[in-house]
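Here are some notes to read with the model open beside you. Take the points one at a time, and find each residue before moving on.

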Amino acid sequence: MIFSNLKLLIIFLVLQATFCRDDFLKFNSDGSFKIVQFTDLHFSGKEHDLNSIQTQKIVLDNENPDFVVLTGDQISGYDVHTEELYKEVYQSTFSELIKRDLRWAMTFGNHDDQGIYTREQIYELDKTYDLSLTQRTPADIPGVTNYYIEIHTSDSTPSKKNVSTILYFLDSHDRYCEGKGGYGCITTEQILWFKNYVYLNQQKWPNHLGLVFFHIPVEEYISFWHNYTSVGWKFEHVCCPQINTGFYDVAKKMPNIKGFFVGHDHENDFCTRNPNEREDLWLCYGRKTGWGSYNPYPPQFHGARVIELHYDGLNTSWDSWIRDELANKLQEPQVKKAIKSLVDFIKTKNKKENLLFEDDRLFYLQLCLKKINKTKKGPFYLNIPNSIENYSGTSVCVIVGDKKELKTKVKEISGCRIEKVIPIQKLKINYKQYQDKRKLLGSYSLFLCDNKILKQVCTFLGKKFYEKKKVPIPLFVEKKSQKEIQKQIEKILNSLVLNIPAGPTLSVKIGRMNLAIEEILGNVMKGCEGIAQKIPGKWSNIKSINIKTFNSPSLPIYNSLEEFKELNEKGKKNQEEEQEEIPLGNLIDNLTKEFENESKKVLHQKKKN
């Protein structure tokens with residue numbers, strides 16, 4: 001063992017520049033670095049390759065990553081029978097990356113070399129591309145693509161390096177593990193290589209974040225899914241090697257290693273962990289990217305896993321999500337299920353109470369941010385496919401200054417559902433008492449206010465207008481023509497109005513009961529993308545998104561992986577009661593059952609009465 005370790009150390013010192021040629025990847029000046037993981041592309045020269053290219057394009061256009069990792073089965077080797085075709089197909093595989101001058105690194109799957117080219121030949125082909133940072137395994141280690149790549153801090157230079165993150169790549173082979181049948185594995189020799197290099201890198205860069213990429217999942221993906229918190233979908237068995245060579249057991253003892261990322265099983269995209277051993281070591285699948293071979297199981301779409309790194313000057317953290325071919329970060333089927341559950345809940349409540357208040361007709365998105373927003377921003381007017389305010393029941397109240405011409409100018413506007421125009425002085429006289437303000441609040445569905453008096457009007461109306469989400473929306477009235485004011489009101493009526501408050505959370509109106517479920521769904525999908533673009537830090541700053549009505553439970557429709565890293569004891573496995581945690585994908589189902597049970601109670605009570 002001592003000889004083996006010494007031998008590896010010598011290889012490290014002599015050949016480091018050869019198989020750790022990182023081309024000096026660096027974090028951005030804001031401390032971010034984004035990786036897209038493409039997996040199981042299965043290019044083969046067939047027509048469906050065009051769909052795979054389109055999926056890559058959509059993901060790259062929406063995420064704009066700094067680096068791309070490919071975790072195997074880039075090529076369906078069994079379908080490519082000539083060297084000329086293999087080179088042509090390989091070019092297609094990386095065409096979208098080449099267009100963007102985007103660097104990549106890859107490891108092999110179990111199908112890449114099932115044809116005309118061996119693993120070694122594919123590696124040599126890959127190295128003909130200047131953008132490839134893929135490296136060759138040391139000569140006496142099994143497999144072809146065992147190596148690592150350093151990512152440096154933004155202030156690093158070639159002469160003064162500071163490594164924040166190291167990406168480790170391992171070749172999980174194709175078939176057979178330690179002489180047994182079934183799928184390939186990470187061998188004991190590779191594990192020893194990995195262990196030594198992680199140890200050496202820890203000595204040099206104690207705070208570095210280590211992420212590991214390979215193709216075939218290890219056995220722990222099975223047991224962790226069944227016993228602990230999991231995020232994402234599992235629609236097929238975990239196809240792991242027949243022998244557990246102990247790779248996870250080695251990695252869990254290395255505090256710098258925080259994540260595994262694999263492919264292989266096209267219908268799985270979940271992340272899981274064992275919080276009793278390592279709460280911060282996640283085992284993740286990518287999302288199947290390519291259209292070759294069998295495809296993701298509905299409701300999944302083709303896509304990619306995105307990994308975003310954040311360096312704060314000392315430590316590096318990471319977050320992850322799935323971006324699909326529809327450009328969605330939200331999973332549409334899950335969102336639709338949540339909306340349907342809320343609609344059923346509202347209908348049940350209406351039957352029970354025999355009335356439906358205006359508050360209960362509205363749907364809200366609740367967003368929790370990772371970083372506290374220090375200053376108010378907005379309002380922003382975002383395009384959504386189905387208007388929330390512009391419908392037959394809308395009643396608009398406009399509050400203006402005391403100049404008579406202002407009231408006349410607004411009152412004469414037609415087609416904008418204006419029912420009342422109140423000068424500020426009359427507002428203060430007629431609605432001075434608390435009960436009068438309550439009456440005003442319930443009389444109109446939407447309040448607009450001249451921007452010049454907005455602050456004093458909001459102060460006068462009080463917190464009830466904030467609680468009911470009816471804070472007046474600013475309207476520019478003075479020095480504006482009637483036509484210009486009308487255009488402003490029409491824009492407000494037909495847009496999602498977003499105000500970003502100071503603080504860690506925000507709420508925004510997204511739908512109402514008079515819209516069909518599909519229409520509310522359209523608003524949520526479009527609205528969330530628009531909201532994310534306006535929030536400082538965009539998607540990377542969103543911890544979670546829930547949807548709710550005024551008095552309903554909140555249903556989760558998006559959680560960043562970082563949100564699950566912060567689960568409290570309530571969300572952890574209760575071993576005394578032998579209860580499993582509920583994966584995010586099952587939360588909606590369970591809450592739906594609760595709503596259905598509530599409905600049955602209501603009907604039973606009615607029969608009794």
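1. Let's begin with the cysteines. Counting the bonded cysteines of the chain in sequence order, the pairing runs 1-2, 3-4. Please keep in mind as you look that this is a predicted model. The structure holds two disulfides.

2. The disulfide between C177 and C185 has its sulfur atoms 2.1 Å apart. The link of C177 and C185 is right-handed, with 90° about the S-S bond. Are its two ends buried or exposed? C177 has a relative accessible area of 1%, so C177 is buried, and C185, at 4%, counts as buried.

3. The other disulfide to find joins C271 to C284, with an S to S distance of 2.1 Å. The link of C271 and C284 is right-handed, with 120° about the S-S bond. C271 belongs to strand β12 (residues 271–274) and C284 to strand β13, so the pair ties together parts that are 13 residues apart in sequence. C271 is buried at a relative accessible area of 1%, and C284 is buried at 0%.

4. C528, by contrast, counts as buried at 3% relative accessibility.

5. Now have a look at K437, which is in helix α12 (residues 434–443). K437 is buried yet has no salt bridge. Leaving aside neighbours within four places in sequence, the contacts of K437 are Y431, K432, F460, L461 and F465.

6. Another lysine to compare is K329. K329 lies over the face of W321, 3.2 Å from the ring centre.

7. Next come the aromatic rings. The structure holds 33 aromatic pairs. One of them is the tilted pair of Y90 and F94, with 4.9 Å from centre to centre and 45° between the planes. Y90 and F94 are both buried. Another, W539 with Y558, is edge-to-face, at 5.1 Å centre to centre and 65° between the planes. This pair links distant parts of the chain, 19 residues apart: W539 is in the loop between α16 (517–534) and β24 (542–548), and Y558 is in strand β25 (residues 555–559). W539 and Y558 are both buried as well.

8. Some rings gather into a group. One aromatic cluster includes Y148, Y168, W193, F194 and Y197, along with F214, F224, Y228, F247, Y248 and F260.

9. Finally, some backbone details deserve a check. Most residues other than glycine have a negative phi, and most peptide bonds are trans. Y176, in strand β7 (residues 175–177), has a positive phi of about 70° although it is not a glycine. Y176 is exposed, at a relative accessible area of 57%. S293 also has a positive phi, of about 60°, and is found in the loop between β13 (278–285) and β14 (303–311). S293 is partly exposed, at 38%. The peptide bond from G378 to P379 is cis, with omega near 5°, and P379 is in strand β17 (residues 377–383).

Notes:
Residues are numbered from 1 along each chain as its sequence is written. This is a predicted model: local features need pLDDT of at least 70, side-chain atom pairs count only at pLDDT 80 or more; totals for chains, interfaces and linings use all residues. Side-chain values use heavy atoms; hydrogens and water are left out. Helices (H or I, at least four residues) and strands (E, at least two) are DSSP runs, numbered from the N terminus. Buried means under 20% relative accessible area, exposed over 50%, partly exposed in between (1.4 Å probe, protein chains only). Lys and Arg count as positive and Asp and Glu as negative; His and the chain ends are not counted. A salt bridge is a side-chain nitrogen of Lys or Arg within 4 Å of a carboxyl oxygen of Asp or Glu. Contact means heavy atoms within 4.5 Å. Rings of Phe, Tyr and Trp (its six-membered ring) pair if their centres lie within 6.5 Å; planes under 30 degrees apart count as stacked, over 60 as edge-to-face and the rest as tilted. A charge sits over a ring if NZ of Lys or CZ of Arg is within 6 Å of the ring centre and within 35 degrees of the ring normal. A disulfide is a pair of cysteine sulfur atoms within 2.5 Å.
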